[in-house]
Amino acid sequence: MLRLEGVACGYGPFRAVHKLDMAVEKGEIFALLGPNGAGKTSTIMCLAGHVELQAGRIEFDGLDLSDIPTAARARAGLALAPEGRRLFPDLTVEENLIIGGYSQPKRAFLQNRDRVLGYFPRLGERLRQPAGRLSGGEQQMLAIGRALMACPRLLMVDELSLGLMPRAIDSCYEVLRRLAREEGLAVLMVDQSTDRALEVADAVCVMESGHIRWAGSGGDARRNAEEVSKAILGAA
Ligand SMILES: Nc1ncnc2c1ncn2[C@@H]1O[C@H](COP(=O)(O)OP(=O)(O)OP(=O)(O)O)[C@@H](O)[C@H]1O
Ligand SMILES: [Mg+2]
């Protein structure tokens, strides 16, 4: 579904990611792991169109994304729950969801909202509360829910478990698993909580200093846990 060939990206003259080749398939949970500064967020932000692609090619469902602006990537079916969640804290849960589904006609929006609240019933109980007053776990659910409102075929989630209690992490992962299994959603996720990420991943790629250090299936990663952990810890 998503294919990266020789992708390099960065900031002005600085190259954060070098020659990245990877593929994410429909219905698959793909974990992108690695130490701080590895280039995980840069990769995701480049896919979303926020960081400059310096070389290589990105293909999504046969469409060449390389020169396509951010909004058109969202219309093509890519959605992002960014690092730090980036909710609108003074707006209610419902208003945050409305922003995620802004491009849809009202009927489709309402159906879609019910679908998202079906996955996250906790959000349904807090529709009129300001997003800034939710717990950390509920905020992450809202960030994922808001991204799902655009009906993506590929969802990118950066730092899913950052600052969350184990139970909240588990419920977010459970929803991602169901979405992958039941709707064929492809999930590309970055997480510092690598044990949990490795448990659910169908495919794993470990980056360090902008290069791939390890890549394989989730099964391979679990069988070679020691080697993968070493790669995740990095050279330092
Ligand atoms: N806005 C920016 N301008 C310049 N350099 C940046 C910018 N954002 C990130 N970088 C640099 O790009 C490299 C990769 O950073 P990136 O944020 O992609 O890493 P990461 O793997 O997501 O790390 P973390 O686990 O800490 O979130 C780092 O050397 C970082 O300093
Ligand atoms: Mg990051």
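1. Let's start with a sheet. Four strands form an open sheet in the order β2-β1-β4-β5, with antiparallel pairing; two strands count as paired if DSSP finds at least two bridges between them. β2 (14–24) and β5 (63–64) are the edge strands with a single partner each, so one side of each has no neighbour in the sheet.

2. Before going on, a word on the model. It is a predicted one, in which local features need pLDDT of at least 70 and side-chain atom pairs count only at pLDDT 80 or more, while totals for chains, interfaces and linings use all residues. Residues are numbered from 1 along each chain as its sequence is written, chains are lettered from A and ligands numbered from 1 in the order in which they are written, and side-chain values use heavy atoms, leaving out hydrogens and water.

3. Now look at one pair of strands. β1 (residues 2–11) pairs with β2 in the antiparallel sense over 7 bridges. You can find Gly10 opposite Arg15 in β2.

4. Stepping back, the chain contains 10 helices and 10 strands. These are DSSP runs, numbered from the N terminus: helices are H or I with at least four residues, strands E with at least two. Along its principal axes, the C-alpha trace spans about 45 × 40 × 30 Å.

5. How much of the chain is buried? Of its 236 residues, 52% are, where buried means under 20% relative accessible area, exposed over 50%, and partly exposed in between (1.4 Å probe, protein chains only).

6. Finally, contacts (heavy atoms within 4.5 Å). Among those with a separation of 6 or more, 67% join residues 24 or more positions apart.
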